[in-house]
Amino acid sequence: MSEDIIIDEEKNRKLILREYRSLLRIANMQDDEDLAQVRKAFDIALEAHKDVRRKSGEPYILHPLAVARICVEEIGLGPTSIVGAILHDVVEDTDMTIADIEDLFGEKVARIIDGLTKVEGLFDQSGSLQAENFRKILLTLADDVRVILIKLADRLHNMRTLGSMRKDKQLKIAAETLFIYAPLAHRLGLYNIKSELEDLSLMYKTPSVYNEIKEKLQKTKAVRTRFINRFTQPLRRELDKLELPYEIKGRPKSIYSIYSKMKNKNIPFEEVYDVFAIRVIIDSKLEDEKADCWKIYSIVTDFYQPNPDRLRDWISTPKANGYESLHTTVMSPSGKWVEVQIRTKRMDEIAEKGYAAHWKYKERTQQETALDDWVSRIRDLLENPDTNAIDFVDDFKLNLFAKEIFVFTPKGDIKALPHNSTVLDFAYEIHSQLGNHCVGAKVNQKLVPISYDLQSGDQVEIIRSKAQQPKEDWLEIAVTAKAKSAIKSKLRVERKKVSKQGEQMLKDLFAKKGIKNIQENMQSLQGIFKTNSLQDLYYKVGSGQIELENIMSLRVVNGKISYKTYKADSLKTLEEIVEATRGKKDALVIGNQQELKYKLATCCNPIPGDEVLGFVTNDGTIFIHRVNCPNTIRIMSNYGYRVVKAKWDSKESITFLAGLKMNGFDRTGIVNEITKVISNEMDVGMRSITFESNDGLFEGVVKVYVTNTQHLKNLRDKIAAIEGVMTVNRIE
Ligand code: MN
């Protein structure tokens with residue numbers, strides 16, 4: 001090792017320690033445990049970034065230390081955020097995982113680092129869709145606002161040290177900062193950070209414009225100072241009499257805000273009248289704040305004529321980001337409009353550094369509570385885009401956010417979906433095949449049915465089964481156009497396949513029976529079996545809803561189906577048919593729609609194989625109930641005459657919804673096993689599944705599509721055989 005490197009290393013070591021110590025001094029932590037945590041974070045980060053240097057050549061660790069310092073000094077955050085800031089690049093750059101962080105620092109810090117890593121990942125991923133990124137950042141905000149605050153500090157430090165980056169990178173980062181981070185800082189009430197980010201962005205994007213304004217501000221400084229002194233002189237005289245400590249500042253506005261005004265109004269620098277604002281800051285007791293501020297207002301307007309259109313009272317109704325102040329614009333003796341901002345010391349600190357700043361000197365618990373309150377305010381603000389109080393930079397961006405939810409894939413990728421989207425929508429969003437075979441999902445590790453309503457921030461893992469097929473009622477579960485059209489097209493394909501089979505079956509039958517394949521015969525069949533279209537006829541034949549035997553038993557004369565006799569038959573009234581079936585002691589055959597329309601009662605959900613009976617209502621509809629349905633017993637005793645016998649057509653192939661309720665001992669993997677059994681069972685489709693576990697016991701309800709009781713019994717037996725399952729019962 002050469003002498004130079006040793007000297008360099010030694011110099012760096014000293015530099016790092018100096019920065020670390022100065023951070024501790026500023027943070028002024030009293031709690032030993034906080035100190036220990038920060039120390040631990042520092043040691044880990046130091047080791048993690050050991051051989052890494054920034055573009056500027058500095059040791060990398062100086063960056064996280066600087067970010068932590070911004071968090072404390074300029075945002076007013078506490079120990080949790082300091083730890084988060086110091087560790088913010090550790091997971092990215094080393095083998096350390098979120099789980100490691102959690103072991104070492106607990107859940108809160110781990111969540112913050114996880115959020116920071118996710119946000120970072122998003123930026124690397126796309127780079128093109130900036131509005132998209134903006135929304136993603138807002139989403140993580142809902143989790144812990146510290147993520148955003150640390151991210152802002154990170155970005156601020158990167159902007160301050162942007163000089164050593166390549167020109168094209170500078171432009172990209174500057175644009176991103178202007179579009180995303182500065183508005184975010186504004187939204188969070190971090191006025192100083194917002195202004196600095198904007199000014200730095202402008203400096204890198206259009207240095208000529210930036211420098212021009214800067215120079216003009218410099219040149220006009222003396223004139224401005226003189227003007228301000230003259231303007232404030234009478235005010236000071238009156239204020240001195242009040243015995244209220246005060247301070248008057250006359251500060252130029254930021255370069256960027258002057259630039260915006262020049263651009264928006266298309267005027268030169270010289271015509272921007274509010275290049276500066278006068279700020280009167282008083283040291284008032286909390287309970288006197290409002291009255292004192294208005295007292296100052298009264299003094300100011302005693303000397304200068306106010307413009308009533310430009311009075312802003314953000315003390316009575318603070319801005320949503322926490323900003324409180326009283327603004328007025330008054331006419332100076334020289335005829336120039338001057339903005340005067342009146343506020344207390346407390347309000348000023350919040351305005352400059354954001355809401356967290358105010359709590360800096362309070363107890364730790366108090367500080368955390370206050371931060372949480374603030375977070376929930378921000379969250380409310382995001383959730384209620386209609387609130388007038390919100391002066392969002394761009395309503396459009398917010399609306400995008402409000403109408404959509406954001407959910408994560410198991411790998412942490414983000415998907416945007418409309419509100420009320422279900423698990424099924426998510427599955428189709430990823431891939432139509434995944435949608436077609438979706439039986440449910442694990443949302444945040446909990447098993448949920450396909451109809452589950454997703455919430456922003458949910459992590460969704462789709463469970464699929466080869467046996468699964470889209471069902472008609474999926475169209476009501478799905479919300480997105482993408483899912484709906486995929487389901488429809490799959491149903492159509494399926495229907496077409498069955499129709500094709502039906503068409504072929506009819507053709508074969510015609511050939512065998514000597515029936516002519518002509519339009520007239522097809523029309524007769526449609527009339528006899530009451531189908532809506534030829535395709536419908538084919539489909540019903542293909543799916544077995546119309547049995548070939550029934551067609552074979554039709555009378556055929558000269559290759560033509562004789563329809564008339566059937567027509568006569570079908571003209572019988574419903575009562576006659578019911579009477580006929582009763583008289584013959586023959587049961588109503590369910591599933592064969594050629595004679596009677598029926599509906600399955602929803603109270604007991606009968607399925608083939610159940611003992612059933614029919615009940616004729618006033619309007620002639622026949623409802624099929626299970627014999628042991630409680631409603632049946634009531635009906636039997638009151639309306640016995642309306643009851644008809646019914647039995648299932650054994651060739652029935654329609655699927656029915658049935659429910660199973662189960663309970664047992666909860667153990668890892670049991671839910672998975674149960675879903676697996678259901679998925680593996682041929683022809684069983686899962687409609688919904690819910691599981692709850694409590695004190696080592698679980699209770700689950702599964703709704704499935706089955707074709708008959710035997711089918712359901714098989715499934716029940718298989719579930720009952722799973723280790724840990726105690727009982728499985730059909731829901732009555
Ligand atoms: Mn960083």
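Is Arg69 buried, partly exposed or exposed, and what is its relative accessibility? At 26% relative accessibility, Arg69 counts as partly exposed. The model described here is predicted.

## A salt bridge within one helix

Arg69 and Glu73 are joined through their side chains by a salt bridge, with 3.1 Å from N to O. Both residues belong to helix α3, which covers residues 62-75. They lie four residues apart there, so about one helical turn separates them. Glu73 is also partly exposed, at 30% relative accessibility.

## A salt bridge between two helices

Another salt bridge connects the side chains of Arg160 and Glu74, at 2.9 Å from N to O. This pair links distant parts of the chain, as its members are 86 residues apart. Arg160 is in helix α9 (residues 145-160), while Glu74 is in helix α3. Arg160 has a relative accessible area of 34% and is therefore partly exposed.

## A buried pair and its network

The side chains of Glu352 and Arg279 form a salt bridge as well, at 3.3 Å from N to O. Here a helix is linked to a strand: Glu352 sits in helix α16 (residues 345-353) and Arg279 in strand β2 (residues 276-282), 73 residues apart in the chain.

The cut-off for buried is under 20% relative accessible area. Glu352 has 12%, so this residue is buried. Arg279 has 11% relative accessibility and therefore counts as buried. Both residues belong to one network of salt bridges that share partners, together with Lys249, Arg251, Arg343 and Asp348.

## The total

The structure holds 29 salt bridges. Among them are the Arg69 and Glu73 pair and the Arg160 and Glu74 pair.

Notes. Residues numbered from 1 in each chain as written. Predicted model: local features only at pLDDT ≥ 70, side-chain atom pairs only at ≥ 80, totals over all residues. Heavy atoms only, no water. Salt bridge = Lys/Arg side-chain N within 4 Å of Asp/Glu carboxyl O. Buried < 20%, exposed > 50% of the residue type's maximum accessible area, 1.4 Å probe, protein only.
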